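I opened my notebook to jot down what I looked up in this structure.

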Amino acid sequence: RRPPRSTLSSSSAASDVYKRQVERELVRQALKEVKGNQVRAASLLGITRATLRKRIEKFDIRQEINVD
């Protein structure tokens, strides 16, 4: 179990922000690579489509998916 945020060091908090940014970018790039196909993007990332959909919502990526 994680300690309350107030007890985490600033470097740990910064690390969490960095991880979130990296995860968001990976999801965006996978979706771009497969032109928005969520099944194929999930496969590229090694996650289920349901998990991918949760990440899309978590990172508010829906608006950015640009299918050409």
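**Ground rules.** I am working from a predicted model, where local features need pLDDT of at least 70, side-chain atom pairs count only at pLDDT 80 or more, and totals for chains, interfaces and linings use all residues. Residues are numbered from 1 along each chain as its sequence is written, and side-chain values use heavy atoms, with hydrogens and water left out.

**Entry: salt bridges.** How many salt bridges does a search of the whole structure find? I got 3, taking a salt bridge as a side-chain nitrogen of Lys or Arg within 4 Å of a carboxyl oxygen of Asp or Glu.

**Entry: Glu-23 and its partners.** I looked up Glu-23 and found a salt bridge to Arg-55, with the closest N and O atoms 2.5 Å apart. Glu-23 sits in helix α1 (residues 10–33) and Arg-55 in helix α3 (residues 49–58), so this pair ties together parts that are 32 residues apart in sequence. I use helix for a DSSP run of H or I with at least four residues, numbered from the N terminus.

Glu-23 also meets Lys-58 in a salt bridge, at 3.9 Å from N to O. That pair links distant parts of the chain too, Lys-58 being in helix α3 and Glu-23 in helix α1, 35 residues apart. I therefore wrote down Glu-23, Arg-55 and Lys-58 as a linked network of salt bridges.

Buried or exposed? I checked relative accessible area, where buried is under 20%, exposed is over 50% and partly exposed is in between (1.4 Å probe, protein chains only). Glu-23 is partly exposed at 26%, Arg-55 is partly exposed at 25%, and Lys-58 is partly exposed at 41%.

**Entry: a pair inside α1.** Glu-25 and Arg-28 form a salt bridge at 2.9 Å, N to O. Both lie in helix α1, 3 residues apart, about one turn of the helix. Glu-25 comes out partly exposed at 33%, and Arg-28 counts as partly exposed at 29%.

**Entry: α2 against α3.** The axes of helix α2 (residues 38–45) and α3 come within 9 Å and cross at roughly 100°. That makes α2 roughly perpendicular to α3, a label for angles of 65 to 115 degrees. Axes here are lines fitted to C-alpha atoms over the stretch in contact, with angles from 0 to 180 degrees between N-to-C directions.

I looked up who touches whom, with contact meaning heavy atoms within 4.5 Å. Residues of α2 including Val-39 and Leu-45 meet residues of α3, among them Leu-52 and Ile-56.

Methods: Helix = DSSP H or I, 4+ residues; strand = E, 2+ residues; numbered from the N terminus. Parallel < 35°, antiparallel > 145°, perpendicular 65-115°, else oblique.
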